[in-house]
Amino acid sequence: SSCVFCLSYPLGMTAAGLRCRKSIYQWMTQIQKSNSKLVTQHYLGKTIENRTMYYLQISQPSDKTKKIIWMDCGIHAREWISPAFCQWFVKEILQNYKSDPRISRFLKNLDLYILPVLNIDGYIYSWEKDRLWRKNRSPHMNGTCYGTDLNRNFNSSWGSIGVSYNCSSEIFCGSGPESEPETRAMAQFIERKKSDILCYLTIHSYGQYILTPYGSTTKPPSNSEELVGDKNFGPLKIIAKGTGTDDNAVPILDLQMHVAKKASAALMGKYGTRYEVGSTSLILYSNSGSSRDWAHMIGIPFSYTFELRDKGSHGFVLPPDQIQPTCEETMLAVTTIIDYIDQKYFPGGAVMLTSGSLGLSLCLSVVLTWTVS
Amino acid sequence: MQNDSFNKINVLHYHLELVLEDIDSTVNCTAEVLYHLGNKNIAPDVQFTIEGELKNTDEADNIFYSQIKSLEKELVAENIPDSHGHVSPEMEPIRLLAWVASGYVMWQNSTENTKFQFAQIKHVKQVKRSDEYLEFDYMILLHEMVSQEIIPWQMTVLWHPQHGVQVTQDSRQPKHASE
């Protein structure tokens, strides 16, 4: 019911001022209780300060094996609109899955895994001590310096560019790739499930961007394989770079851009908010070790970072009256992406996936793309 | 004496076309920005042209001015906005003044590799003056996008409805200076 969401940070907080940590844990428990057929809460791991990280799995009961959409929020502590969006997203799905034909369609084929706050320690610290804290709370140098930037800590060209090796920096990449328990817990889980994960979404603020890989280059790392789509038919696949002269291959990064532009247009349709779309290295700044780059490198085809409102007038401290509009418009973008993936991988409604039917649908949509562009 | 041809090699020139959002309308603006690559301690040159006019704010300016002038004690405040993004109506002009003044500080400290945004007023105290100007001593936080750093910055700001904003003194603070 909507009264659970008072629409102040974090969602679920009452005027009496529940501590944010209790609030999000309580909310998750309550969500699972009131939607037990659809939602289960799962243990992901422990933070450096020994708090438990949970993710929610939204899964329509079915005898089909489903593919997975993963979304995480709260990697950076001060980006409060991010966990708020994850909560809003879950609420919207659970409220509308029976009545909204798009949601009920994609839930037939896709499970949604939502991690409302990865960096719990940092998030609590930003509530209690320092509103603009960014990193986690791992101690360094005998407890004289705290925090690794979790979004520089993943194993994607770790430590190469756009980072600091100094703990006192906001972009300190840690003592090594996946040095932080939060990073490790998430990476190990995603690694295990990667063959089923079609889409990796990570929610941040601010700036109003939908960012595609990579942070350090516009091309995939030179030692990796290439993920390609197929112009005519056939599923997305990984091929060794430079091998094969398949004229039908469409680089996945191009498909990603195409989908991101659709998402941005859908978002803008709600309140006119403009989001820029492109690779981090081109439209933002260079970085390495981001979760989005890592997810793409291990083979997850659609991997995006969202940077939500605004563009700097309020920055991390978004006014309360912008929470709901931000969540509403972002919802449209995310469901556009999920829709696209659902229709590409599972065309023709609740039909068993076969390479022939997939190929026909892919062929039609990609032909449309090429003629329109 | 500066060698003109030396300057030409060491200047990066951007031509910008932008749209300013005024209270209930937009105004086109063009600007020329010159970064001095040779000496990073020089602020970029900025020339701009506003096509049209910005709205008149005399009424709101005078209301704010009289409110502050009529205070019995000098204004003191902190954390604007607060953690939840709230700004009380009385503090909104104080926030706007800080935002405008911080624009000067950002300009003076910008290079091609920085992107500053105003984040928060940590504290502000009014400084008593015998003349008609209002003076505020601010400690603000700037957010620098590329390094992601939150930088405390002290600035002394003068303002008068007819004479505009002046930053008479400013200094970057060490990271924990605001606590």
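**Ground rules**

I worked from a predicted model, in which local features need pLDDT of at least 70 and side-chain atom pairs count only at pLDDT 80 or more, while totals for chains, interfaces and linings use all residues. Residues are numbered from 1 along each chain as its sequence is written, chains are lettered from A and ligands numbered from 1 in the order in which they are written, and side-chain values use heavy atoms, with hydrogens and water left out.

**Entry 1: the interface**

I began with where the chains meet. For chain B and chain A that comes to about 1,800 Å², with 54% of it on carbon and sulfur atoms. On the chain B side, B:Ser83, B:His84 and B:Gln148 lose the most area to chain A, together 31% of what that side buries.

Next I asked which elements of chain B supply this side. Helices (H or I, at least four residues) and strands (E, at least two) are DSSP runs here, numbered from the N terminus.

Polar contacts were another matter. I use that term for a pair of N or O atoms within 3.5 Å; within protein, one must be able to donate a hydrogen and the other to accept it, and residues adjacent in sequence count only if both atoms are side-chain atoms. Between chain B and chain A there are eight residue pairs in polar contact (both at pLDDT 80 or more).

**Entry 2: the cysteines**

I searched the whole structure for disulfides (cysteine sulfur atoms within 2.5 Å) and found two over all chains. One joins A:Cys73 to A:Cys86, S to S 2.0 Å, and is right-handed with 85° about the S-S bond. A:Cys73 lies in strand β3 (residues 67-73) of chain A and A:Cys86 in helix α2 (residues 81-96), so the pair ties together parts that are 13 residues apart in sequence. A:Cys73 and A:Cys86 are both buried, meaning under 20% relative accessible area, with exposed being over 50% and partly exposed in between (1.4 Å probe, protein chains only).

A disulfide also joins A:Cys145 to A:Cys167, S to S 2.0 Å, and is left-handed with -105° about the S-S bond. A:Cys145 is in strand β6 (residues 145-146) and A:Cys167 in the loop between β6 and α5 (181-193), 22 residues apart. Along chain A the pattern is 1-2, 3-4, with bonded cysteines counted along the chain.

A:Cys327 is in no disulfide either, and the nearest cysteine sulfur, that of A:Cys73, is 9.2 Å away.

**Entry 3: two asparagines**

I checked A:Asn153, which sits in the loop between β6 and α5 of chain A and is buried, with a relative accessible area of 0%. A polar atom of the A:Asn153 side chain lies 3.2 Å from the backbone nitrogen of A:Glu180.

A:Asn119 is in the loop between β4 and α4 (120-128) of chain A and also counts as buried, at 0% relative accessibility. Here a polar side-chain atom of A:Asn119 lies 3.2 Å from the backbone oxygen of A:Ile75.

**Entry 4: helix α3 of chain A**

Last, I looked at α3(A), residues 101-109, where the buried residues include A:Ile103, A:Phe106 and A:Leu107. The buried residues of α3(A) pack against β2 (52-58), β3, α2, β4 (110-115) and α9 (323-345) of chain A. At the helix start, a side-chain oxygen of A:Asp100 reaches to within 2.8 Å of the backbone nitrogen of A:Arg102.

Technical notes:
Buried area is the accessible area (1.4 Å probe) that two parts lose on being put together, summed over both. Contact means heavy atoms within 4.5 Å.
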